[in-house]
2 protein chains.
Amino acid sequence: MKPHRRIGTRTEELMDAIRTRIASRALATGDRLPSVRAFAETMGVSPSTVVEAYDRLAAEGVIRARRGSGFYVTGANMPPLSVGEIGPRRDRAVDPFWVSRQSLDADGTMAMPGCGWLPAEWMPNAALRRGLRELARSDSSILCDYGSTRGSLKLRRLLLGLFADEGIEAGANQLLLTGSGTQAIDLICRYLLHPGDTVLIDDPGYFNFQALLRAHRVEIVGIPHMRSGPDIAAFEAALHAYRPRLYITNSALHNPTGATMSPQTAHRLLSAAAAHDLVIVEDDILVEFEPSPSPRLAVLDGLDRVIRIGSFSKTLSASARCGYVAARADWIDGLVDLQVATSFGGPSPMATELLADVLAGGSYRKHIGELRQRLARSRDQAAQRLASLGIVPWTMPRGGFYLWCRLPDGLDSADIARRCMDEGVILAPGNVFSISQSAAPFLRFNVAQMEGDRVYEALRIAMAATR
Amino acid sequence: MKPHRRIGTRTEELMDAIRTRIASRALATGDRLPSVRAFAETMGVSPSTVVEAYDRLAAEGVIRARRGSGFYVTGANMPPLSVGEIGPRRDRAVDPFWVSRQSLDADGTMAMPGCGWLPAEWMPNAALRRGLRELARSDSSILCDYGSTRGSLKLRRLLLGLFADEGIEAGANQLLLTGSGTQAIDLICRYLLHPGDTVLIDDPGYFNFQALLRAHRVEIVGIPHMRSGPDIAAFEAALHAYRPRLYITNSALHNPTGATMSPQTAHRLLSAAAAHDLVIVEDDILVEFEPSPSPRLAVLDGLDRVIRIGSFSKTLSASARCGYVAARADWIDGLVDLQVATSFGGPSPMATELLADVLAGGSYRKHIGELRQRLARSRDQAAQRLASLGIVPWTMPRGGFYLWCRLPDGLDSADIARRCMDEGVILAPGNVFSISQSAAPFLRFNVAQMEGDRVYEALRIAMAATR
């Protein structure tokens, strides 16, 4: 009897493990379960035990077999989609929403070295105020109407000029203005993905890509991110193994690492993508922050299978709520319809008029130049002060505002982040960026939000307390 | 041989019919095919013929059986989602995108009696200009930051005050500001629906609901709309037959008919919804346009299973891009996360500050009162002038700007709309509002866009030419 009982117990343990993953939304409706072989390896059991567990869960209706393609989670009695509940939800749960929840709703008393934007006083306030007074005199159509489906032609032309400077020759029909950079990626996912498709992201990579993709009910595969860009061997292996539809990345000033893709990696990545008919979304929201342009996938590829995403939130104003997509003209046509169906239009015509005004104004280049210099100084200073606490940058970025840093041995960034929260300091702990949860010793710092002693003092106290 | 050949032929005809529906996107990936019995009845063939056709298409990989739940369209080699291609796409195809495509991108030379908004000069331009000058002096956080995840507390409090006047007592945690009314509905659909769910809409009903729902890969069932609201017997029958998850409607000043739900229909509808655990989205975007409030589902229900949607696009400014959702607090929590994941926040803090300023200003009530009076005059005038052409309102609405009118016998509104387009007049032909395509003799007119003779003259010419 003993072996039989033991097999039964293992099977039930496996079934419980799967039920827990479904309850906690680690596996959502429509998600494919791991292959029998992979799950057997992960759990250290024989494949036959996994087969038995899957068959019994299928009999219960919890999962369902599809001919030739494995087992899927059914939607039976599923409560509403809750993208935040990737793990069990608690106050201050350190999940991909940690940073957004804490920083977007922070009151003015918090320090925010974990947030992903510049302080409001670093933005071109004088130019924005001048633009608003100008806007008060503009046509009633700009003040009151929905605007055209692709967004302000004036702003699109200015963007196309910036693209041309980088070497991208594109037409106005290859550009769509959206309500934000995130919304641009969301539209692309809706347009190109079907539930159950596989999407590659970087590990570590921007946390909101995970949250966004979960809303699309797709499988997410992480590609280890190196100092020269994605691990190209892992990338090629993933193309073979998973036949992904999309890869979402930042090539330069990567979020969170600050790394910049090497020309060799960029070329090899595009060749592999072409061989596997993979579409790439290059989120280039920090394009203006590099001292000189590094290789861009959109430039090399000429907007064929690479889609460029951008926004004005980091350079001019996040409050304006305007992003954009540059892509093949036929894809833009499809995205236009989709944006009308789901938002009845793009960004505010008032906001795009204001942005165009500031962008075309004489002070824009000067503002960007000053931001770069100020960030270079802040970066050096933050790196030095963090080093004195034993917190060391993984790489020194060429620009932007992020520093991806490793804590002294044995310290867990989620612990440190929870403790710093009690001191009124919002951090960005490593694992919110890691689909494999392998970045526990890391923190992402925003050097623009670290003036004064407060952040360093909170870190010192938290580190001392957790040792 | 003959009977055998005939059976073969019928099977192949059925297979072709299904292939055509898939190619034209009438059936999209993941859509469930009609049941064998239903499809046999529709096509006038025996169930065994349908079974044979389904089995052969499944063998080809075009559709796929799921145990116990019928046949589904597979995604094999499907091109990207194209919500506009519900029917074959042509220039000026009269589909649910006809009105949006034509009116949003119209240049200033077109007359737009088919569009869904007021002329910019009817909006409170002076108050908006004053508000923009005020905005130019506001805090840099309003000009530059993302804003809180639920949107401006100032604007939410003003809205809650308006709700209280109607009899809805709700807390600030029951309200989420969004980028538009449409985006509010889109978030709700993402939160509550799974692909393959069934959703009820009105027939005729607002065309963009069809376009939006198609992006969610759900089944759409139309409920005939009467002068007292939805046909309640058909509504109850649909609850039994399809177990829908959601019903999306306008209770008062219904788009396109202008009808207002009777108290009896409202009560019976809510009782039926409770019995079947149906959630109702009440799109109340024209709430301010009634001379006195008629029964609202959200008021009767107290925001339990009814979700209220609204926007400022029809009363203050569409350019501000701001809508809202009022619902149960736990649903709002889920929608907040979803809006962060897919848009990284809600409407522009600048825009919500501007709207709050105008809404709180002394002139708001006066502006709304003037709009109502002006619309009442325009409605009477348009009804008279249309009647002289033999075009007769189906009902006389209590407010708002729509007149749903029947053409003289034998005339097709899509023909008239195509011809009027050549005269620079954009119409809203009946079938863009009808999931059953049963509204060909109807047109929706926007009485605020019909000053002067141009629209009437174009209609006269088009009607004469098509007779």
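In which loop of chain B is Pro256(B) found? Pro256(B) is found in the loop between strand S7 (246-249) and helix H11 (263-275) of chain B. This briefing concerns a predicted model, and it covers the interface of chain B with chain A, a sheet in chain B, and several backbone features. The interface involves 81 residues of chain B in contact with 81 residues of chain A, and the area buried between these chains is about 6700 Å².

**Interface between chain B and chain A**

- Carbon and sulfur atoms give 57% of the area buried between chain B and chain A.
- Four salt bridges are found by the rule across this interface. A salt bridge is formed by the side chains of Arg190(B) and Asp186(A), with an N to O distance of 2.7 Å.
- Polar contacts between chain B and chain A number 44 residue pairs, both residues being at pLDDT 80 or more.
- On the side of chain B that touches chain A, two or more residues come from each of strand S1 (63-66), helix H4 (98-104), helix H5 (125-135), helix H6 (140-144), helix H8 (181-192), helix H9 (207-215), helix H13 (329-343) and helix H14 (349-360) of chain B.
- The residues on that side of chain B comprise 39 nonpolar, 24 polar and 18 charged.

**Sheet in chain B**

- An open sheet of chain B is built from four strands in the order S11-S12-S14-S13, with antiparallel pairing.
- Strand S11 (392-393) and strand S13 (428-429) of chain B are the edge strands, and each pairs on one side only.
- Five bridges connect strand S12 (residues 402-406) of chain B with strand S14 (residues 442-446) of chain B in the antiparallel sense. Asn446(B), in S14(B), is the bridge partner of Tyr402(B).
- Helix H15 (residues 364-387) of chain B packs on this sheet and touches S11, S12 and S14 of chain B. The direction of helix H15 of chain B makes about 15 degrees with that of S12(B).

**Backbone features**

- Most peptide bonds are trans, and most residues other than glycine have a negative phi.
- Asn255(B) and Pro256(B) are joined by a cis peptide bond, with omega about 15 degrees.
- Asp203(B) and Pro204(B) are likewise joined by a cis peptide bond, with omega about 0 degrees. Pro204(B) lies in the loop between strand S4 (198-203) and H9 of chain B.
- In chain A, Arg243(A) is not a glycine, yet has a positive phi of about 45 degrees. The loop that holds Arg243(A) runs between helix H10 (232-242) and strand S7 (246-249) of chain A.

Definitions and conventions. Residues are numbered from 1 along each chain as its sequence is written. Chains are lettered from A and ligands numbered from 1 in the order in which they are written. This is a predicted model: local features need pLDDT of at least 70, side-chain atom pairs count only at pLDDT 80 or more; totals for chains, interfaces and linings use all residues. Side-chain values use heavy atoms; hydrogens and water are left out. Contact means heavy atoms within 4.5 Å. Buried area is the accessible area (1.4 Å probe) that two parts lose on being put together, summed over both. A polar contact is a pair of N or O atoms within 3.5 Å; within protein, one must be able to donate a hydrogen and the other to accept it, and residues adjacent in sequence count only if both atoms are side-chain atoms. Ala, Val, Leu, Ile, Met, Phe, Trp, Tyr, Cys and Pro count as nonpolar, Asp, Glu, Lys and Arg as charged, and the others, Gly among them, as polar. Two strands pair if DSSP finds at least two bridges between them. Axes are lines fitted to C-alpha atoms, for helices over the stretch in contact, and angles run from 0 to 180 degrees between N-to-C directions.
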